[in-house]
Amino acid sequence: MHRGKNFARGATIALARASVLILFASVGCITIQVAPTPELPAAPTQNIPATRAPIAATPAPPTAAPKVEPTRAQTPATAAGNLPAAYKKFASTVSVSIEGDFVVLKSNGVPDHPSPYFDRSDPRYAAYNGTNRNYQQAPGKISEQNLVLRVPLNPQKAANPARTQLGPIGMAINGVAIFNQFQAQNQPLGNEINSFDQFNGHPQQEGMYHYHVEPLFLTAKNGKASLIGLLLDGFPVYGPEENGKTITNNDLDGFHGHSHATSEYSDGIYHYHITAESPYINGNGYYGTPGTLDRGQGGQPPAPPGAPPVGSPQPKPGGRP
Ligand SMILES: [Zn+2]
Ligand SMILES: [Zn+2]
C-alpha cells in the first residue's frame, strides 16, 4: 500500500493515516484484554510490551472495533473451502476464517440455549430445571465476550506437551468457551459443579459462559457421539459415546483422547472425548501444540466486592511464551 512513488501521494498519506488509526484501534483492543479474574488469568499470549503502554492508554474511539473487523475478515474469503469439515459444524454466529497456518474462531461466547444465568428480563432466561438437587445458582450473569482463538489449521502432536491454562482452552461449536477440569487456583472442580445450569454451563466472574463438562444442549441436539468443538491445539472434541458405546477414561490416553477416523476426519485424527468423570474433557494438557487466545474486551460486569484476590498466573513450563 506504500509503494506509490511520485503520484497519488495524497492517497498514500491518507492510507498511512488509516493504518495508524487501525494500529491504535488494535492496541486499544488488546489493552482491555489484560484484566485478569480469579478463574481466568490473562493468558501468557496477551502480554504486551511495556513500551506500548503509553499508546494503549489512549482510549480507542467507539467506532474503532468495527473498523478492524473487515480488515481481518478479508483474508479467508477464498480460503474457506480449504477448511477441515469440522469447522463447518460451527454455528453461524461464530466467525471462522483462515489466517496463514491458523484458523481464527471469533465468538461472543453467549450460549444458543436458555440459562438461569441470563437476566430474568431476557427472553433467553429459563429457571433451573436440571437434575442436580444440589444446584445453587452462582452470582453473576452471562455477558457478551470477544473471544478470538487462533488454532493450527493442521494440528500437530506437540514434542513437549503444554498444560492447559485456566480460562478458555477451546470452543464449542455453538461458540461457547470450553474450560479445563480446574477452577480458580487450579483446584479441582468442587462445589462449582453445583452451579452448572441445566445445560452444564455457567459464567465466570466476567460473565463468560463456559463448559467444563459435557454440554448437554449440544449432545441432546446432535447426539452423544457428535463433534462438540475444538481445543486450542486444533484437535477436535467429541461427545461421550462412540459406536453406541459410552467412553470412559480407560478408553483414552493421558490427554483424554485417542486416534481413529471420525465423521469429520475420514483419514483419521487424534481427538479428545468427553467422559462423565474427571477430567471430563482434557487430561494432562494439550496433545498438540496450542495456538493462541485473545479475550478482547467484554465482560462488562465488574468483579463483585469481596471477590477473592486474583491469583498470579503461573506460566507453565513448556507453555507458550
Ligand atoms: Zn467454571
Ligand atoms: Zn474416538
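**Core and strand pairing in the predicted model**

The largest nonpolar core has 47 residues, and L149, M171, A172, I178, I228, L231 and V237 have the most contacts inside it. Such a core is a set of buried Ala, Val, Leu, Ile, Met, Phe, Trp, Tyr and Cys residues joined through C-beta atoms within 7 Å; a residue is buried if 20 or more other C-beta atoms, placed from the backbone, lie within 10 Å of its own. The model is predicted: local features need pLDDT of at least 70, side-chain atom pairs count only at pLDDT 80 or more, and totals for chains, interfaces and linings use all residues. Residues are numbered from 1 along each chain as its sequence is written, and chains are lettered from A and ligands numbered from 1 in the order in which they are written.

Of the 321 residues in the protein chain, 36% are buried. The chain has four helices and 16 strands, taken as DSSP runs (H or I, at least four residues; E, at least two) and numbered from the N terminus.

Strand β1 (residues 95-99) and β2 run antiparallel, joined by five bridges; two strands pair if DSSP finds at least two bridges between them. E99 lies opposite F102 in β2. Two residues separate the strands of this hairpin, where G100 takes a positive phi near 60°. Six bridges pair β2 with strand β3 (residues 147-152), also in the antiparallel sense. Five of the six residues of β2 (residues 102-107) are buried, so this strand is largely enclosed by the rest of the structure.

Definitions and conventions. Buried ≥ 20, exposed ≤ 12 C-beta atoms within 10 Å, placed from the backbone.
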